[in-house]
Amino acid sequence: MGSSAKKKKEKKKDFQKPKLKVGKAKPKASNFTDTSFKSKAIVLQQQLAENAPNPIERFKYNLSLTSSRADTQRRDALSYLAGQLSTNPPINPVGTSTLLQKILPMMSDSYGPVRGQLLKLLRSLPADEVRPHVEKIMLYIRGTMTNISQEVKDDGLNYMEWLLDAAGEDVVSSAGCWVKPLRDFMSVLGWAVKATPTTTTKSGWTSAPRTTFGAKKYGQSFPRQMLVLAKFLEMGFKPGMPTPWTPGDWFGNISRVPRTPDPFGYLGLFKPPRDEDGEIYRNREDRQDIFQKRFRAAVEAGVDMAKKEGGTAGRAAATLDQVLKDGMSDYERTLRLDDDEHLWNGYII
């Protein structure tokens with residue numbers, strides 16, 4: 001009996017609520033953690049620079065963060081700079097030249113969001129301030145387009161589109177900005193003219209393997225490359241603005257000193273052999289001539305193959321084909337005296 005009463009008392013004790021005395025705190029649990037402490041401030045090393053009231057110093061500080069090793073820090077810095085350039089009036093205390101020198105190497109950044117923010121920043125730059133730096137910008141774009149990473153290559157096409165929209169005419173008429181980009185397009189697309197006719201193929205051209213076409217992840221790269229190439233060619237084949245002619249212009253062209261550099265360069269006198277890759281092609285006829293000589297056969301053959309594949313690639317090839325027809329329909333070949341055409345065979349100079 002004593003044992004049974006003791007067990008009942010212990011069970012009853014489990015369901016009884018303890019009576020708390022007035023003014024006495026509730027007992028703390030065994031795993032209780034004291035969180036009553038307070039912290040006045042957390043001091044960071046760059047707190048003063050980040051919270052500086054001067055917007056010029058803050059702009060320079062974020063510009064310095066573009067070379068940070070942290071991906072998110074580079075992305076946030078570019079986002080801040082793009083926001084400052086999008087204001088009215090835009091805030092750019094360092095100038096476009098210094099800004100481009102700092103951010104252009106980031107075109108081939110390995111972190112995708114950084115490249116995306118960089119594109120937004122470039123689009124916010126005034127076109128008039130971009131034109132003087134076309135040659136330098138094109139060097140970085142070409143390096144991006146031929147990068148080993150396919151994601152970087154695709155963003156290189158975005159950079160090329162931006163530059164064509166901002167300063168298209170300056171691009172195609174600058175030194176090394178017509179033939180060299182075309183070579184890069186041929187390399188990326190896998191289209192190349194044979195250097196020597198050693199094989200006996202009918203078309204006379206070779207096609208390097210396109211590692212990106214047909215893949216699930218990069219299926220749209222090949223059509224997009226053709227569309228950007230079409231835009232580049234369309235800008236290069238764009239007819240120039242006609243200048244009004246007056247009777248005095250005939251006499252002025254004879255008696256006045258030419259205003260363009262190297263006006264008689266086509267004669268090939270007193271100069272080293274032509275550097276076709278780095279040469280300036282100022283007018284449409286010169287660009288048509290070098291395109292016909294080195295790239296047209298490969299492009300037309302590649303377009304025909306892409307049309308047969310159909311789908312998105314076929315539609316992009318049709319757009320490129322139309323640009324070729326419109327741009328080269330009025331082409332007439334003009335010989336230069338410094339071309340290797342054996343014009344002087346049989347003559348003693």
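Helices, of at least four residues, and strands, of at least two, are taken here as DSSP runs numbered from the N terminus. On that basis the chain of this predicted model holds 15 helices and two strands. Of its 349 residues, 34% are buried.

**Aromatic pairs**

- The model contains six aromatic pairs.
- One of them joins Phe237 and Phe291 in an edge-to-face arrangement, with 5.4 Å from centre to centre and 75° between the planes.
- Phe237 belongs to the loop between helix H11 (221-236) and helix H12 (247-255), whereas Phe291 belongs to helix H13 (residues 284-294), so this pair ties together parts that lie 54 residues apart in sequence.
- Both Phe237 and Phe291 are buried.
- Through ring pairs, Phe237 and Phe291 are linked with Trp178, Phe185, Phe232 and Phe295 into a cluster.

- Asp109 is placed in the loop that runs between helix H5 (96-103) and helix H6 (112-123).
- Its relative accessibility is 11%, so Asp109 counts as buried, the cut-off for that class being under 20%.
- The Asp109 side chain has a polar contact with the side chain of Arg74, at 3.1 Å.
- The side chain of Asp109 also reaches the backbone nitrogen of Tyr111, at 2.8 Å.
- When neighbours within four places in sequence are left aside, the residues in contact with Asp109 are Arg74, Val114, Arg115 and Val152.

- The largest cavity has a volume of about 30 Å³.
- Its lining consists of Met145, Gln150, Lys153, Asp154, Leu157, Val188 and Gln225.
- By residue class, the lining of the largest cavity divides into three nonpolar, two polar and two charged residues.
- Helix H9 (residues 150-172) gives the most to this lining, contributing four residues.

**Helix H3 and its N-terminal cap**

- Helix H3 (residues 55-64) has Phe59, Tyr61, Asn62 and Leu63 as its buried residues.
- The N-terminal end of H3 is capped by Asn54, which has a side-chain oxygen 3.1 Å from the backbone nitrogen of Ile56.

**A cis peptide bond**

- Most peptide bonds are trans.
- The bond that joins Asn88 and Pro89 is cis, with omega at about 0°.
- Pro89 is found in the loop between helix H4 (71-85) and H5.

**Arg315 in helix H15**

- Arg315 is part of helix H15 (residues 311-328).
- With a relative accessibility of 56%, Arg315 counts as exposed, since the cut-off for that class is over 50%.
- Arg315 and Pro223 are separated by 92 residues in sequence, and their C-alpha atoms are 8.1 Å apart in space.

Note on methods:
Residues numbered from 1 in each chain as written. Predicted model: local features only at pLDDT ≥ 70, side-chain atom pairs only at ≥ 80, totals over all residues. Heavy atoms only, no water. 1 Å grid on protein atoms, 1.4 Å probe; cavity = no way out; pocket = protein on both sides within 12 Å on 5 of 7 lines; lining within 4 Å. Points joined across faces, edges and corners; volume = space filled by probe spheres on them. Nonpolar A, V, L, I, M, F, W, Y, C, P; charged D, E, K, R; others polar. Buried < 20%, exposed > 50% of the residue type's maximum accessible area, 1.4 Å probe, protein only. Polar contact = N/O pair within 3.5 Å; in protein donor to acceptor, adjacent residues only side chain to side chain. Contact = heavy atoms within 4.5 Å. Phe/Tyr/Trp six-rings, centres within 6.5 Å; stacked < 30°, edge-to-face > 60°.
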